[in-house]
Amino acid sequence: MDTTKKLPADFMWGFATASFQIEGSTDADGRGPSIWDDFSRTPGKTADGRNGDVATDSYNRYKEDIALLVKYGVKSYRFSISWSRIIPLGGRDDPVNAAGVKWYSDLIDELLKNGITPFVTLYHWDLPQGLHDRYLGWLNKDEIVKDYVRYARVCFAAWGDRVKHWLTMNEPWCISILGYSRGVFAPGRCSDRERSALGDSSTEPYIAGHSVILASASAVQAYRTEFKPTQGGQIGITLNGDWAMPYDDAPENVAAAQHALDFAIGWFADPIYLGYYPPYMREVLGDRLPDFTAEEWAVVKGSSDFYGMNTYTTNLCKAGGRDEVQGNVEYTFTRPDGTELGTQAQCAWLQDYPDGFRALLKYLYGRYKLPIYCTENGFAVKDESAIAAANVEDALADGDRVHYYQGTTRALVQSVHEDGVDIRAYFPWSLLDNFEWADGYVTRFGVTYVDYETQERRPKESGKFLAKWFAENLESGEKPAPKPPRPTAAQPVKPVSAAKVNGSAKHGSATKPARPVSLKARMASWIRSSKLFVGDGKA
Ligand code: GBH
């Protein structure tokens, strides 16, 4: 690879966090309870039995966190709003909590004062408990859509003068599957009666996901009509999704990889960007997958200004799996020759595989044709908490995480310069070690080590690596000569006026590839021809 190639001067980078994972202070200044408060306090729900009451104490330490961001030299910071700090009971007729609004306002001002662009997620899983108690939250589409849109409006009105980058939802797949099918995340519903007295894993996740899509789209519609004309920001959703590679080139395994992508990504991305649910999901789920009315589809289709991408790993896919949630595809990290895809993380689901990150970018840009913001990407070093307990210096030397980010930053450059992908932002997860949901605090994703006894923060090698890499690998601010449109690898491009690209007039190079003849045929031929897909050897 050409090591002189850099990322565009206006490329955004920074770190990501989420309210419940860092703030603590769950009773402060009139905050109402969220579904994660009691869930995380319930014995057996988190691996170490610890909860989110203190977390990294960022509610009290936000200035210290921002000083750290300044040290890393970030341009942007992605954080989320706790809905129940803003509307303690959650509903559209419930009172707004001025103290909660002020806390985020102060945070935003402190960021701007330090030259850091706020990138705000409205919902990162901490639903007001009141809405779950009243009508089961995401399971009641009509109620939750109205309550969510009112909440979003309060946020746009409060901070939209200063916030120009909005994410409606973080990872609808996790909200739906982990909360209503596997029951491992709040509200913890599922069919397994040993785990939960209530729930139906065969229907509820698809109902919840359906509500999330419409709520997001309805908030986007409100923003575009009522706020964007004066505030001028961008709004979209962010989806989790990992690259899927056929286990080998057997046709059924090639098909399995696409089926995995349909269930993990297409479930949300196809409705939002293309205007329909993946046919394969309909085939597998039948009537258990709800449908929208024509009026609802009109709101849903096109309801994101960009593609928000959270990605961590790659799975090898085999046909014939029995996990419906994975599209009846079996996942493995072990290649046919017995080697592993990459370095194993603390989490069973995560190995380091940067070529998969690059391949996913290419797939998403080819299929959805919008600028991509990578809003999460990261790695949890195996046994990091145990290593730190023996000698914290050894945990700060987080070589596996450094290696992971060496891979993904290299992939970013290749993606821009060799694959022609329009990627505009990169937010490693996470600024700090923090409350890792059902894993408690044992699993650490931070580029900064947190000592939970003292709340001392210490940069790890990975944080220093990223700070240095981005200091050296963005083009200088001088205006470059107008560039020819960047083609996608999969398709020849036809330039269109920037205005047509969903309000993304900022990048001169934004282009929209020509409409595919047949998406299915193109995908099939691309899967066959892609060197990154099969038999690519070690990373
Ligand atoms: C992100 O989700 C979250 O946005 C963030 O809050 C979290 O801290 C971070 O990841 C690190 O985990 O083995 O079947 O349970 C990442 C997306 C999707 C990755 C679900 C793990 C588990 C699949 N996650 N996946 S399973």
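L136 is partly exposed, at 33% relative accessibility. In this predicted model, L136 is placed in the loop between α6 and α7 (141-159). Most residues other than glycine have a negative phi.

W125 also has a positive phi, near 85°, and is likewise a residue other than glycine. This tryptophan lies in the loop between β3 (117-121) and α6 (129-135). W125 is buried, because its relative accessible area is 7% and the cut-off for that class is under 20%. L136, at 33%, counts as partly exposed because its value falls between the limits of 20% and 50%.

The side chain of H124 has an N or O atom 2.9 Å from an oxygen atom of the ligand. For Y312, the distance from a side-chain N or O atom to an oxygen atom of the ligand is 3.3 Å. The ligand taken alone exposes 590 Å², and the protein buries 82% of that area.

The ligand sits in the largest pocket. Around the ligand there are 16 residues, and the closest are Q21, E171, R182, E436 and W437. By class, this shell divides into eight nonpolar, four polar and four charged residues.

Two cis peptide bonds can be followed next. One runs from A186 to P187, with omega near 5°. P187 is found in the loop between α8 (172-180) and α9 (204-231). Another cis bond joins W429 to S430, and here omega is near 15°. S430 belongs to the loop between β11 (423-426) and β12 (448-451). As a rule, most peptide bonds are trans.

The C-alpha atoms of S430 and N377 are separated by 8.2 Å, while the two residues are 53 residues apart along the chain. N377 has its place in the loop between β10 (372-376) and α14 (384-390). With a relative accessible area of 1%, N377 is buried, since buried means under 20%.

Technical notes: Residues numbered from 1 in each chain as written. Predicted model: local features only at pLDDT ≥ 70, side-chain atom pairs only at ≥ 80, totals over all residues. Heavy atoms only, no water. Near = heavy atom within 4 Å. Polar contact = N/O pair within 3.5 Å; in protein donor to acceptor, adjacent residues only side chain to side chain. Areas by Shrake-Rupley, 256 points an atom, 1.4 Å probe, with all protein chains shown as cover. 1 Å grid on protein atoms, 1.4 Å probe; cavity = no way out; pocket = protein on both sides within 12 Å on 5 of 7 lines; lining within 4 Å. Sits in = over half its atoms within 2 Å of the grid points. Nonpolar A, V, L, I, M, F, W, Y, C, P; charged D, E, K, R; others polar. Helix = DSSP H or I, 4+ residues; strand = E, 2+ residues; numbered from the N terminus. Buried < 20%, exposed > 50% of the residue type's maximum accessible area, 1.4 Å probe, protein only.
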